Amino acid sequence: DMAIVRARKAVSHFAPMSAYYSPPVKLKDGFFMCGDWIDRSGHASWSTEKAVVTGRQAAAAIASDWKLSVDADVIPAAPDTPQLSALRQAARLLRNVKPPPEDIPPSPWAFAKDVLGGSPQ
């Protein structure tokens, strides 16, 4: 059997500074996370690919902590194309000229990092 489910609002939305506050794969001893919203400043991938990458990274971190052997290599992301590099540069310039409005809520990870005692990356 097969089914296709369309979840129109099932997308990740990132707030300003969300990459800055996103947690690493290993939060502390015995506490690991993965998903498309983890380690936003690491592997340059998004959505399903990012979830798979951080899942493999979490598996490698768990295996390392437990002294196990696991094949969890991750293929590095391709470098940015010239077009994407130009868009990133334009976005940075725009944020410097006109920062995002103050009423945009911060990343939920800002709160989580405070609760877990971590500091922003």
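This is a predicted model: local features need pLDDT of at least 70, side-chain atom pairs count only at pLDDT 80 or more; totals for chains, interfaces and linings use all residues.
User: Okay. How many helices and strands does the protein chain have, and which pattern do they follow?

Analyst: You'll find four helices and two strands, and along the sequence they run α-β-β-α-α-α.

User: How do I check the length of helix 2?

Analyst: Compare the expected span with the distance between its ends. Helix 2 covers residues 47-65, and its 19 residues at 1.5 Å each should span 27 Å; the end C-alpha atoms are 27 Å apart, so the two agree. Just after helix 2, Lys 67 takes a positive phi of about 60°.

User: Which residues of helix 2 are buried?

Analyst: "Buried" is a cut-off: under 20% relative accessible area. In helix 2 that gives Lys 50, Val 53, Thr 54, Ala 58, Ala 61 and Ala 63. Strand 2 (31-32) is among what covers them. Across the whole protein chain, 21% of the 121 residues are buried.

User: Take Thr 54, then. Why is it called buried?

Analyst: Its relative accessible area is 0%, so it falls under the 20% cut-off.

User: What does Thr 54 touch, and which backbone atoms does its side chain meet?

Analyst: Leaving out residues up to four places away in sequence, Thr 54 touches Val 25, Met 33, Cys 34, Gly 35 and Ile 38. A polar atom of the Thr 54 side chain lies 2.8 Å from the backbone nitrogen of Gly 35, and the side chain also reaches the backbone oxygen of Ala 51 at 3.3 Å.

Conventions. Residues are numbered from 1 along each chain as its sequence is written. Side-chain values use heavy atoms; hydrogens and water are left out. The expected span of a helix is 1.5 Å times one less than its number of residues. Buried means under 20% relative accessible area, exposed over 50%, partly exposed in between (1.4 Å probe, protein chains only). Contact means heavy atoms within 4.5 Å. A polar contact is a pair of N or O atoms within 3.5 Å; within protein, one must be able to donate a hydrogen and the other to accept it, and residues adjacent in sequence count only if both atoms are side-chain atoms.
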